[in-house]
Amino acid sequence: MALRIEVGLKKNLIDPRGNSLIKKAKQFFNININEVRTSDVYTIDAKIEPEDIKDFINKTLCDPLINYVKINPPFDHYFDYYCEIGFLPGVTDNVGKTAKSALETFLGRNLGRDENVYTSTLYAFKGNITKEDIELIVSELLYNPLIQQHFIYKKNDIPKIYIPKVIIKQQIRVETFDLKNFSEEALLKLSKDRLLALNLEEMKTIRDFFQDKNFLKEREKFGLREITDVELEALAQTWSEHCKHKIFNATIEYEDENGNKEVIKSLFKTYIKASTEKIRGERNDDFLVSLFVDNAGVISFNDKYNVVFKVETHNSPSALDPYGGALTGIVGVNRDVLGTGLGAKLIFNTDVFCFADPFYKEALPPKILHPRRIFEGVVTGVEHGGNKSGIPTINGSIIFDNRYLGKPLVYCGTGGIMPKFIAGKPSHTKEVKDGYLIVMCGGKIGKDGIHGATFSSEELHEGSPATAVQIGDPITQKKMADFLYVARDRNLYTSITDNGAGGLSSSVGEMAQLSKGCEIELEKAPLKYQGLQPWEILLSESQERMTLAVPPESIEEFIKLSKQYDVESTVIGKFTSTGYFHVKYSGKTVAYIPLDFLHNGLPEMKLKAKFKPLKEEKLEIKIENLNETLKKLLGSLNICSKESVVRRYDHEVQAMTIIKPFVGLFNDGPSDAAVIKPLHDSFEGLVISHGICPKYSDFDTYHMAACALDEAIRNAVCCGGNIDKMACLDNFCWCDPIKSEKNPDGEYKLAQLVRANKALYDYTIAFGVPCISGKDSMKNDYIMGNIKISIPPTLLFSLISVIPDIRKTITMDFKNQGDIIYIAGITKDELGGSELVKLLNLNHGIIPKVDATMNKKVYKAFYKAIQRGLINSAHDCSDGGFAVAISEMAFSGGLGCTIYLEKLPTISNLSPIELLFSESAGRIIFTINKDFEGDIEEIFDGLPISKIGYVNDNNSLIITYKNQKLIEENIFILKECWQKTLRDL
Amino acid sequence: MANCLVLTGFGINCEQECLWALELAGAKKAEIVHISQILEGEKKLSDYHFIVFPGGFLDGDDLGSAKVQVNRFNYAKIKSNKEKLIDSLKDFIEKGNLALGICNGFQFMVKAGIIPNIEKLPDFKQTATLTFNDSGRFEDRWVYLKVNENSPCIFTDGLDYLYLPIRHGEGKFYCESDTLEQIKKNNLYVIQYSTSDYKPTMEYPYNPNGSLFSIAGICDSSGRLFGLMPHPEAFIYLYHHPRWTREKIEEAEGLKIFKNALKYFK
């Protein structure tokens, strides 16, 4: 009989979890609940008597100072309703896993295969409420049917003992398909039914390949003929959009707005790779170390170390389960860096989210979680992922647009550092030889995450699989990382990669290219529970796993060390040089595919793109009360303080963070970038920033991309970044750019993609800032019945800059009374897409165009001025324009200022509104001590800078225009407007 | 000369900077040791004089912060001599050595019943706890700390104030009222959350978690065993201070805690 153990807070203590629910029920549904108490339920399904584990229950499961504990209790009659929420069978239950392992320590023995510990949460409600109220609160605020089970009880009910054990009755079998008899319809049906996400041409390519006589003869040696489900799934996964980036590699016939046509063979090769190669060719240093060939890009940090940087997206899973999706996103990108070269030590995380309005009031389309829940879940997921892994989250932002309602965007980034050489070999290279062992390290395999790669290659629809959701376990991964750093330095393996999308199929399949073959023995892979089909073991995306190549002579030491670190490592086969991807299950071959076909057999996609720009028209805007407008802008979602989110991330663990996310007199001003000092014995540092401007995508994605890159560079420059030592990552999140019945404007969306890539090419070259790695996510649409919601095309540039001395870096807050305020860069009539235009509910306008040649000169001069110690503070002008940026500098420094707006450099006659709110690129506001005026004029000689005002010690922001006061407001009132919007979220 | 041990493993994540702090404070012998190395018998606590329990997320804080580590110390046995980890720690403490618990390490020391204690030696019975912040959230923010000058704590000897970051979700100090009386009477409270002019406070966010009597750190009656929620190892360079770009920072205040510990052995 299982034990149900309820651990709650003693009655005299406040219950933050319960109180937060009372607040939310009132806030969102206007339901008044008098009291909510919560407790943790542990269900121990094992042959154990409560007396035998009394101390475990009373001291380990429970904190005697604050908790009460009950064993197999009836409900307390005090409350009116109860709701217990537990996980569905097979969903990762981290707390249950930890409780089980602690119980094993207590008992001094391992639990049996059928024994386990499960956890759930019990909510007890008191108040004048109905069962319907409870149903509403539970379904809207607490429970996610994709991963959880819930039970609602009345006070006199008897609680069930809920045991979500996985029981799979299915026989283990390998299905085969005689494809030669499959019609086109049958091929498409097979692709759809099995969630292969392969199109007709791809299915036909597979069908034809499996008719080849020589190949069939070869297969017969291993008792195979028709294609097996293992092979079909492995091909679908390897050929998925997620893994092969088919759209970025397609041949595109592009037609511009004037009817000019051109053929582009692979966007990736033509624009991204080509621009980086051009920049690399023009440099004569070793700054760029490893590009596009590994899980992440690698650049040189100094003589002894390299730095690794990667950003991933995890959008589709986060739409279904925001917490699990985001958590898995962050621990997943951690593994990319851990699996680059021989593995880098993880030193920072970044995160950028795109959400719909958290205060969204319209009715929600089916199966969509409220943006507030997405917000809360994603933030908590990244919080747990980063904090529990001991990696500081140092940079990020949140963008709001209601077109992210159907799919939120969750960008997770990670940086790492590694010595240039490990055991005499360059650390950024991998080696796999015939006979080396395939070792799987970390977690066990379950059904979680099956079809993740193919699922994210589709829009979100009715049949989106729940098994695609995974919940990461940061502690299992932390233990694995601790172990791997030691194993790496002892030279115990020669290659490492992560198990992400596509699982073993992908990780072993990719690594096998180095030795030209592999032989996997699937039955050896450790499983979470029995009953998985061979194809499921191969494809599962269960988390916290790395795949390594270990030379046979090192395996004993590797396994021993692994055990000592409490990490599971298993030999699951060997690398060969047969040229085949060979998979066996209990001695029988279940897949036998030439590696070349697996990786290169995919037919190239041919697509059409046609561009039509949105007309840009000059806007005439009149505003009565500029003070009020500025206050509203400061409080608008895209501008307001995100401190309530950012404080939830540990941003200084590892003691490297030198410029933190919040700076200034009260540690609450918004930093433009982060600065870290990765080495204990050196002042050399890294500046990390990003740029993202989906607001311009509707006009022209060319300028959207240019603005995003300029913003990323400018943000870094403001803190002391060096444009000569910068590298960036491109992360494209697009709406489906393939024309079809359900997607009639696919050609335009593809043209938007082409335009963004053209800008990436032009501007990375013009700035000399190359992309070193990137990722794309191409199906960010929601289709349910007649409702379709597509995200605006969104491109994130994440940037890293190497600097010689962190002591020279600066922050954005005003420092001293009497300092002179300057602006660098030209303000133009560029209100299109601006926050002001959004606030006023207007359309059109002219969007910012980036002058890279000019901006580069300004950024170089700026770096020089910072190196000479001339700049006291600097802030980039972006969302909300000059008025917002100057307000932020003032209230962050706790000092007022007087500004003479007419002094801003311009090239045409601008109205005060344009000067205040235009979002022209390339502008930096900065302050200096008046003694340095001459030095500044000298450094910026010939560049558009202008002295525009002074820092005061009164608390007023005063902006005048030709002797007329336009704005006068107390800086702390401005700050309050900026802080209050998201403070309570 | 003091031999210093910085514990790591199973979710501890501030071990590297604790080692750096010890080195900057002048430690000649200091190393990071994985719990498994102790359990395997490769390393022995008896070879050390100062143990640091760094911050982190031991076992994910899954059963409550540091609970599984306490369970591990109480029940896991060292392979070489079948001794329980906790007995090895008892010997270490009885010899008059030093222990410093930071954040998750402080939670461990409190929940293992090492601090607070008014007797000469701890009885390893838990009398206080650290629980969820009143805000219900993890937070990273810098806090002003008033040092209790009457405390026997050797780590804060000669200090009046500290400015350090907290980074926790379970930092609210709590105990029964009679225990609190004993803590006050014996001056076992070492540091208190304060306003910026160093007056102890219950006001959020100066007191970031709602700790009883604003307690941010406590010690045992000998002053050798000290635990605190704020992170002294996070302020070991001048450039860790959140306002180093605008204020003259005289000294990395977190280092003082480590310097005092090493001074004890001189």
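In this predicted model, A:Lys849 is partly exposed, with a relative accessible area of 26%. A:Glu616 also counts as partly exposed, at 27% relative accessibility. A salt bridge joins A:Glu616 to A:Lys849, with 2.8 Å between the closest N and O atoms. The pair links distant parts of the chain, 233 residues apart. A:Glu616 sits in the loop between strand 26 (606–610) and helix 21 of chain A. A:Lys849 sits in the loop between helix 25 and helix 26 (852–867) of chain A. Elsewhere in chain A, salt bridges that share partners form one network. Its members are A:Lys695, A:Glu835, A:Lys838, A:Asp879 and A:Glu919.

Over all chains, the structure holds 76 salt bridges. One of them pairs A:Lys97 with A:Asp473, the closest N and O atoms being 2.7 Å apart. This pair, too, links distant parts of the chain, 376 residues apart. A:Lys97 belongs to helix 3 (residues 94–107) of chain A. A:Asp473 lies in the loop between helix 15 (452–455) and helix 16 (474–489) of chain A. A:Lys97 is partly exposed, with a relative accessible area of 42%. A:Asp473 has 5% relative accessibility and counts as buried, because buried means under 20%.

A further salt bridge connects A:Lys246 and A:Glu202, with the closest N and O atoms 3.0 Å apart. In general, side chains of opposite charge can pair when their charged atoms come close.

Helix 21 (residues 626–635) of chain A is mostly covered. Eight of its 10 residues are buried. These are A:Leu626, A:Asn627, A:Thr629, A:Leu630, A:Lys631, A:Leu633, A:Leu634 and A:Gly635. The buried residues of helix 21 pack against several elements of chain A. The helices among them are helix 25 (835–839), helix 27 (881–893), helix 28 (912–917) and helix 30 (971–980). Strand 42 (956–961) and strand 43 (964–970) also take part in this packing. At the start of helix 21 of chain A, A:Asn625 contributes a side-chain oxygen. This oxygen reaches to within 3.1 Å of the backbone nitrogen of A:Asn627.

A:Ser682 lies in a loop of chain A, between strand 30 (674–676) and strand 31 (685–692). A:Ser682 has 13% relative accessibility and counts as buried. Its side chain is joined to that of A:Glu684 by a polar contact of 2.6 Å. A:Ser682 and A:Asp15 are 667 residues apart along the chain. Their C-alpha atoms are separated by 46 Å.

Aromatic contacts were examined next. A search of the whole structure finds 48 aromatic pairs over all chains. The rings of A:Tyr822 and A:Phe926 have their centres 5.3 Å apart. Their planes are at 5°, so this pair is stacked. The pair links distant parts of the chain, 104 residues apart. A:Tyr822 is in strand 37 (residues 820–824) of chain A, and A:Phe926 is in strand 40 (residues 924–928) of chain A. Both A:Tyr822 and A:Phe926 are buried.

Chain B supplies an edge-to-face aromatic pair, B:Tyr239 and B:Trp244. The distance is 4.9 Å centre to centre, with 80° between the planes. B:Tyr239 and B:Trp244 are both buried. One aromatic cluster in chain B is formed by B:Trp142, B:Tyr144, B:Tyr161, B:Tyr163, B:Tyr198 and B:Phe235.

Chain B also contains an open sheet of nine strands with mixed pairing. The strand order is 2-1-3-4-11-10-9-6-7. Strand 2 (29–34) and strand 7 (161–168) of chain B are the edge strands, each pairing on one side only. On average, neighbouring strands of this sheet are turned by 20° against each other, direction ignored. Within chain B, strand 10 (residues 215–219) and strand 11 (residues 225–228) pair in the antiparallel sense. The pairing runs over three bridges. B:Gly217 has B:Leu228 in strand 11 of chain B as its bridge partner. In general, strands of a sheet pair through backbone hydrogen bonds, either parallel or antiparallel.

Technical notes. Residues numbered from 1 in each chain as written. Chains lettered and ligands numbered in written order. Predicted model: local features only at pLDDT ≥ 70, side-chain atom pairs only at ≥ 80, totals over all residues. Heavy atoms only, no water. Buried < 20%, exposed > 50% of the residue type's maximum accessible area, 1.4 Å probe, protein only. Helix = DSSP H or I, 4+ residues; strand = E, 2+ residues; numbered from the N terminus. Contact = heavy atoms within 4.5 Å. Polar contact = N/O pair within 3.5 Å; in protein donor to acceptor, adjacent residues only side chain to side chain. Salt bridge = Lys/Arg side-chain N within 4 Å of Asp/Glu carboxyl O. Pairing = 2+ DSSP bridges. Axes fitted to C-alpha atoms, helices over the stretch in contact; angles between N-to-C directions. Phe/Tyr/Trp six-rings, centres within 6.5 Å; stacked < 30°, edge-to-face > 60°.
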